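Take a look at the model, then try each task before reading on.

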Amino acid sequence: MAQEGGIINEPFVIGEEQGSVRLSTLNRPRQLNVISPEVVLKLAEYLEMWEKDDQAKLILIKGAGRAFSAGGDLKMFYNGRDSKDSCLEVVYRMYWLCYHIHTYKKTQVSLVNGISMGGGASLMVPMKFSVVTEKTVFSTPEASIGFHTDCGFSYIHSRLPGYLGEFLALTGARLNGKELVAIGMATHFVPSDKLADLEAQLVRLDSGDVNVVRSTIEEFSEKVNVDKDSILNKQSVINVCFSKESVKQIIQAFEAEASKEGNEWITPVVKGLKRSSPTGLKITLRSIREGRNQTLSDCLKKEFRLTMNTLRKTISADMYEGIRALTIDKDNSPKWSPATLDEVDDENINLMFKPLEDDIELLIPETEENRWGGKYETSGYASLIQNKREEN
């Protein structure tokens with residue numbers, strides 16, 4: 001626990017051992033548990049230690065306060081906009097961590113009672129068990145600010161029914177807890193007033209057996225029925241529109257559907273699409289489409305490249321402009337460059353997907369023996385930085 005100026009600062013991630021259960025709590029409630037370098041570092045340390053600990057049987061993760069996690073720390077990225085690769089380390093560590101969460105060897109349960117957005121949702125969806133409540137709110141809104149759907153979601157979204165993944169990625173549409181269970185992005189719906197009792201029962205289990213854990217959660221869970229107005233009941237329209245080849249064709253098809261009776265819900269969604277970064281939309285659509293034929297490792301490597309090229313302003317500074325408009329000046333009036341879909345050069349989009357220089361490509365472990373290898377410390381970029389420091 002750090003102490004500055006007489007003020008005690010709570011750790012950003014609290015790790016607890018309770019019998020055979022290991023509990024990690026995201027602990028930045030005032031910041032909606034956004035993912036910072038410290039958060040990524042501690043989560044990775046805990047997960048590696050617990051996977052190797054024979055006494056640890058069950059891993060729980062939850063968020064303090066009203067959010068599970070609102071995703072990446074946007075102000076951190078914005079503050080590093082004029083310093084090349086200032087955020088490379090945290091980006092590398094996060095994608096590396098995502099791979100290990102997806103492939104974790106012990107039973108994990110996420111208890112998601114509140115906001116779970118963007119990269120924050122990457123700590124929820126891949127878990128063996130994801131418990132959501134009536135307070136859960138999910139979305140992947142990155143394209144709207146000039147970024148792309150990341151942290152493994154080009155893999156996750158591309159495997160959703162029909163073209164729902166393209167819809168969620170491009171529009172940033174929100175899903176509630178029941179909707180998440182209905183499409184398989186969460187496993188159980190538990191009313192929020194029962195969540196503490198469920199957690200206590202899981203701690204008492206002294207078991208990581210999948211069937212035992214499932215049965216315990218089911219004691220507290222409820223069957224879900226989505227509302228009649230749920231976006232999940234609009235799948236036929238979504239499939240027609242979001243199967244189109246380009247973002248422009250998707251928007252045109254969506255607008256055409258909006259004129260039909262009963263499709264009034266489309267109009268505000270189209271407005272949102274038109275307010276979004278044209279560059280972000282094009283990159284995101286291509287990434288999801290490629291994800292349909294890529295492995296998890298391929299998706300994470302691709303997303304790492306896209307993120308680094310975005311932060312480097314390789315073809316556009318839209319992400320920084322989007323963050324400025326959303327969280328810095330809060331004027332909600334971003335000035336995109338290029339300003340329209342027609343002005344976004346497809347050749348430039350190709351540049352975003354090209355491999356980076358070899359010394360900073362994301363290193364995904366290739367063998368079980370090297371499962372926890374490929375850490376940032378062993379990457380070419382870390383070695384390069386160390387050599388520069390020694391030269392100075």
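**Exercise 1.** In this predicted model, sort the lining of the largest cavity by residue class.

*Solution.* Start with the classes: the lining holds 11 nonpolar residues, 2 polar ones and no charged residues. Then assign elements: α1 (37–52), β5 (58–63) and β7 (107–112) each give two or more residues, and α1 has the largest share, with 4. The volume of this cavity is about 70 Å³.

**Exercise 2.** Find which elements give two or more residues to the lining of the second largest cavity.

*Solution.* First list the lining: Gly146, Thr279, Ile283, Thr310, Ile315, Ser316, Asp318, Met319 and Met352. By class, the lining divides into 4 nonpolar, 4 polar and 1 charged. The cavity's volume is about 50 Å³.

**Exercise 3.** Describe how helix α13 and α15 meet, by axes and by contact residues.

*Solution.* Begin with the axes: those of α13 (residues 296–311) and α15 come within 7 Å and cross at roughly 115°. From α13, the contact uses Lys302, Arg305, Leu306, Asn309 and Thr310, while α15 brings Leu351, Met352 and Phe353. Sorted by class, the contact has 4 nonpolar, 2 polar and 2 charged residues. To link this with the previous exercise, note that Thr310 and Met352 also line the second largest cavity.

How values were computed: Residues are numbered from 1 along each chain as its sequence is written. This is a predicted model: local features need pLDDT of at least 70, side-chain atom pairs count only at pLDDT 80 or more; totals for chains, interfaces and linings use all residues. Side-chain values use heavy atoms; hydrogens and water are left out. Axes are lines fitted to C-alpha atoms, for helices over the stretch in contact, and angles run from 0 to 180 degrees between N-to-C directions. Contact means heavy atoms within 4.5 Å. Ala, Val, Leu, Ile, Met, Phe, Trp, Tyr, Cys and Pro count as nonpolar, Asp, Glu, Lys and Arg as charged, and the others, Gly among them, as polar. On a 1 Å grid over the protein atoms alone, a cavity is a set of points where a 1.4 Å probe fits but cannot get out, and a pocket is an open set with protein on both sides within 12 Å along at least five of seven lines; lining residues have an atom within 4 Å of a point. Grid points are joined across faces, edges and corners, and a volume is the space filled by probe spheres set on the points.
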